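Here is a short tour to read with the model open beside you. Please have a look at the chain before going on.

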Amino acid sequence: MKTNYGNTFNHGAGDTISVSVAALWPRVDKFFPCGAFVAVDSTNTEGKKIPAGTPVEITNNQIGGAVKIGSAATNPTGLSYEDAYVGKDGCTLTIVTSGDFNESLSEATITTAQKGKLPCITFIKEG
């Protein structure tokens, strides 16, 4: 009768490997009900990367409405959920309005003033 279970992948035969994963968004509580559409223009050229965590301001709270991103978002609605790339027809952004954001893992620049306008997002900085 078998008394030792497991070892499916030869567990214990080799060295121990430690692995950790840190999430950009450890917790998301709420998304903005409609996304943002970023049109191609002189600032948002085809191929441009809009990194996750970029401040996004929806100026009229409707689908397809005007949007400001990055430093232009002086009164941000939230932060972009994932990386987006502007295509030949533009791109869309998913906007997080409430949750925990690990800013140490983001390429986006968020000013202190922008953070102050996002009270439902907790900014985490790894030490």
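In which sense do strand 9 and strand 10 pair, and over how many bridges? In this predicted model, the pairing of strand 9 (residues 95-102) with strand 10 is parallel and runs over 4 bridges.

- Within the pair, asparagine 102 sits opposite isoleucine 124 of strand 10.
- Strand 10 (residues 121-124) has two faces: Ile121 and Phe123 lie on the covered one, while Thr122 and Ile124 lie on the uncovered one.

**Glycine 53**
- You will find glycine 53 in the loop that links strand 3 (49-50) and strand 4 (55-58).
- Glycine 53 is buried because its relative accessible area is 0%, which falls under the 20% limit.
- Beyond its neighbours within four places in sequence, glycine 53 contacts Leu79, Ser80, Phe101, Ser106, Ala108 and Ile110.
- Its C-alpha atom is 8.5 Å from that of leucine 24, a residue 29 positions away along the chain.

**Nonpolar cores**
- The largest nonpolar core holds 13 residues, and Ile50, Val56 and Leu93 have the most contacts inside it.
- Strand 2 (36-38), strand 4 and strand 8 (91-93) each give two or more residues to this core.
- A second, separate core has 8 residues, among them Trp25, Leu79, Ile121 and Phe123.
- Leaving out residues up to four places away in sequence, isoleucine 50 touches Val38, Ile69, Glu82, Asp83, Ala84, Val86, Cys91 and Leu93.

Terms used
Residues are numbered from 1 along each chain as its sequence is written. This is a predicted model: local features need pLDDT of at least 70, side-chain atom pairs count only at pLDDT 80 or more; totals for chains, interfaces and linings use all residues. Side-chain values use heavy atoms; hydrogens and water are left out. Buried means under 20% relative accessible area, exposed over 50%, partly exposed in between (1.4 Å probe, protein chains only). Two strands pair if DSSP finds at least two bridges between them. Contact means heavy atoms within 4.5 Å. A nonpolar core is a set of buried Ala, Val, Leu, Ile, Met, Phe, Trp, Tyr and Cys residues joined through side-chain atoms within 4.5 Å.
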